Every structure is written in structure tokens, then in C-alpha cells.
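Here is a short briefing for a reader new to this structure. Look at the model below, then read on by topic.

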Amino acid sequence: MDKQLNIDMALIARQFQPGGECLDARSYGTGHIHDTYLVNIRQKGRCVPYIFQRINRYVFPDPPGVMENIVRVTRHIRQKLETQGISEGEIDRRVLRVIPTHDGGSYYLDPENNYWRAYVFIRGARTYDVLSSNEQLFQVAYMFGRFMAMLEDLAGPPLHETIPDFHNGRKRLKDFQEALASDSHNRAAAAKSEIDFLLDRASMFDILPGLVQEGKIPVRITHNDTKVNNIMLDDITGEGVCVIDLDTVMSGLSLYDFGDLGRTTLSPMAEDERDLSGVSVELSRFETILNGFLVGVGGSLNRVERNYLVFSIKLMTLLIGMRFLTDYLQGDPYYKVHREGHNLDRCRRQFRLVQSITDCEEEMNAIVERQHNG
Ligand code: ADP
Ligand code: GN1
Ligand code: MG
């Protein structure tokens, strides 16, 4: 038993192939959802690192469905990389490799009903919560764009909807209104201006569903969680290596992916920054992610999708801000929090960016126009 982690990681590691002595384990990364561990295992006299994750069951009601999607998606991408003649070792850096259990399954259900999975640890690369250079911004945007393009020809039945209504703004608004009405933790008073800000803009959630209904924008297979720290960048070259966090890959809109990417890249300030004075759109950042995403998708966006790229960032920033606010009102059951008021801080930071996007929307749209004509 690892005393610090209070988890018998050796027992869990033993369930996965090929097995070996568990040398050490520690919490890893800054994701908001799962419990992620870096686990070193001795295999044939060598120390081999793996990522183990305990899947968050509050967030994902159907972990086997999640894993079935991930196995299909990673197999599809792996096949594409194989046809490009990339070596097996390098392919294991460029697409997640799910480690099977001894009976060939993709997860282990422990005696306490926790679902566990293991991945090859991607070496020589890392994720960043905030990006500092235009080159990094380009790489991240390119990787998410290319990821969507690679899944265009995924054969077979639709992927499982791992979180129903994940980006359904109208449903999320209803959840928010219910949380507000019950105010079970007496927190609404502290968030009055954020609540008003959101309610003033609630009609934004009707726009994309309307376009889908009119057949103007297509439903695609998308990542749906395109924040910057879900891309690994090479430590030496800085190149995009791997798209990770594939739990929400399912039907979606290109605009969800571009929008959430914009949310986490347009300002260099942390997602939970409390000093809001520096939170504003940097147009050069916008130009770079636009360019990277369009190169990555390789021309597959239609005219209406392109027309709503700027709007999509404002929308997704409002939507994620609303989700943080809902979680705050509900007493933080969903996102991991590390301080009091953390979800409210995150919400405020998102809403400040919404305001900043509104202030420079015309300039941003002019950049899209130039990009298209140039
Ligand atoms: P969450 O859904 O909680 O965000 P992620 O799947 O994004 O969980 O993982 C959390 C972090 O763990 C990532 O941001 C990344 O830094 C690290 N990570 C995840 N998978 C791997 C991997 N296969 N190799 C190396 N690091 C990884
Ligand atoms: C969560 O899993 P992670 O930390 O990459 C969340 C996203 C939010 C994001 C906000 C499954 O992403 O939807 O945009 O936090 N993932 C899930 O930082 O809810
Ligand atoms: Mg993540």
C-alpha cells in the first residue's frame, strides 16, 4: 500500500499486461476530472513508466462505453500512422496506447467499484496549462484540427455519447437555473454579478443548435475537450506529439473544438487567475490558433462554420464559465477544487474573457476574413 496515495497501486498494476513489480507511484498532472498517477514498473530489469487513471464515475456514468470509444479511436489513428511508415515506438508517442488487462480488456474494475485504465507513458513530451510562444500555439491548434480530420472516416456505428448533452448549452443553462433556484450551499449571493452576466447572454446557446437544425453546419466526430493541456508537445522540438484525454471524443461540432481551444489560448493568463486585469484577447494569439486549426483540418470546414469561428470562442467560454458557476452553486461536486471559491474564480476568469472577445469581435472577424481571402 502506498501510504501517501492510500491506494494499493501494486495490486492495480498487477491486473494489466505484462505486469511486473510496482516500484513507485505518484499523483500526476493538473486535469480537473480523473485521478491520474505516474507509475513506475520493473519489467525485465528496467523501470518502465505508465499512466494509470481511476476514471471519475460522477462525471462518466459508463466507463466501459468510454473505453470502447477510446479503443476504436486510437486503433483508427494508429492504423493511419502505420501507413505513414512511422516506427512502432514513435507511434506509441503519437497516439495513446491502452494497456490491456490480462484477459484482454481495456479496464479493471477493483473491489471498491473503481474503474482503472493504463496507458503507455508518453516520453520526452509534456502538457502546458498556459502556452507562452506562438509556435506552441500553432502546434496545439494544428493537432486538434488534424485530430478532427483524422476521424472523418471512422467506420462503424456512432461512438457512445459518454456524457449526454455535454455541450448542449440549453440543457446546461437549465442545470444552472436549477442550481440557482435551490442554492443549496447559500452561494448565490456571492456570485450575483456573474449570474446576471450569464443570464444577459443566455440566448447565445440557441444559435449553433439552430444552424445544425437548418442543415448549415455538420455534426462531426470531435474531441470536445480541446483545452491546451490535452496536447503533449515534444520537449526538444516543441512539435505537437499526441492528443490525449479522449474520454469525450464523440459526435460534436467543429465549433465546439475551435471554441474551447480559443478559450484556453487567447489570453496567457491561467484558467483560474484571480487578477483579471491582464485577461484579454491577444489578437496575434488568435491569428496563430486560427491558422494552426485551419491547416490541421485541411480545408474541411464549410463557409458557415468559418463564419462562426469567433462566435464559437465566445460561446464556449460562456458555456464553460457557466459550468464552473453551476458547480460552485452546487458545492463543487464535479471539478476538482484546490481552494475556497475556486470554481467561482474560474467562472470570473472565463466571463472576463467573454467580455474581452465581445470588445474585439470585429477585429477578430476581420482576421478570419483576411485568412480566408489571403
Ligand atoms: P483529466 O481528464 O483529468 O484532464 P487527462 O487524461 O487529461 O485527465 O490526464 C491528466 C494529465 O496527465 C495530462 O494533462 C497529462 O499531463 C498527463 N497524461 C495523461 N496521459 C498521459 C500519457 N499517456 N503520457 C504522459 N502523460 C499523460
Ligand atoms: C475538464 O478533463 P479536463 O481537465 O481536460 C472538463 C472540460 C472543461 C475543462 C475546464 C469531461 O477538462 O469539459 O472544459 O475541465 N472535462 C469534462 O478546464 O468535463
Ligand atoms: Mg485533461
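A salt bridge is a side-chain nitrogen of Lys or Arg within 4 Å of a carboxyl oxygen of Asp or Glu. The side chains of R117 and D247 form such a bridge, at 2.7 Å from N to O. The model that holds this pair is predicted. Its protein is assigned two parts: domain 1 covers 9–123, and domain 2 covers 134–373.

**How the two domains meet**

- The centres of domain 1 and domain 2, taken over C-alpha atoms, are 27 Å apart.
- Contact between the domains involves 28 residues of domain 1 and 33 residues of domain 2.
- The size of an interface is often given as the accessible area lost when the parts come together.
- Here, domain 1 and domain 2 bury about 2,800 Å² between them. Carbon and sulfur atoms carry 59% of that area.
- On the domain 1 side, H32, N69 and R72 lose the most area to domain 2. Together these three account for 25% of what that side buries.

**Links across the domain boundary**

- Four salt bridges are counted between domain 1 and domain 2.
- Polar contacts between the two domains join 17 residue pairs, with both residues at pLDDT 80 or more.
- Which elements give two or more residues to the side of domain 1 that touches domain 2? They are α2 (63–83) and α3 (88–94).
- Helix α2 gives the most to this side, with 11 residues.
- By class, the side of domain 1 that touches domain 2 has 12 nonpolar, nine polar and seven charged residues.

**Around ligand 1**

- Ligand 1 is surrounded by 19 residues. The closest are H34, Q53, I122, T127 and D245.
- I33 places a backbone N or O atom 3.1 Å from an oxygen atom of ligand 1.
- Q53 uses its side chain: a polar atom there lies 3.0 Å from an oxygen atom of ligand 1.
- D245 also has a side-chain N or O atom 2.9 Å from an oxygen atom of ligand 1.

**Around ligand 2**

- Ligand 2 has 18 residues around it. H32, K227, E271, R323 and Y334 come nearest.
- What part of H32 lies 2.9 Å from an oxygen atom of ligand 2? It is a polar backbone atom.
- A polar atom in the side chain of D225 is 3.1 Å from an oxygen atom of ligand 2.
- D245 returns here: an N or O atom in its side chain lies 2.9 Å from an oxygen atom of ligand 2.

**Salt bridges in the whole structure**

- The structure holds 28 salt bridges.
- One joins the side chains of E90 and R94, at 2.9 Å from N to O.
- Because they are four residues apart in helix α3, E90 and R94 are separated by about one helical turn.

- Most residues other than glycine have a negative phi, and most peptide bonds are trans.
- The peptide bond from Q17 to P18 is cis, with omega near -15 degrees.
- P18 sits in the loop between α1 (9–14) and β1 (21–27).
- N186 is not a glycine, yet its phi is positive, at about 50 degrees.
- N186 belongs to the loop between α5 (169–182) and α6 (192–200).

Note on methods: Residues numbered from 1 in each chain as written. Chains lettered and ligands numbered in written order. Predicted model: local features only at pLDDT ≥ 70, side-chain atom pairs only at ≥ 80, totals over all residues. Heavy atoms only, no water. Domains from an automatic or database assignment. Contact = heavy atoms within 4.5 Å. Buried area = accessible area lost by both parts, 1.4 Å probe. Polar contact = N/O pair within 3.5 Å; in protein donor to acceptor, adjacent residues only side chain to side chain. Nonpolar A, V, L, I, M, F, W, Y, C, P; charged D, E, K, R; others polar. Near = heavy atom within 4 Å.
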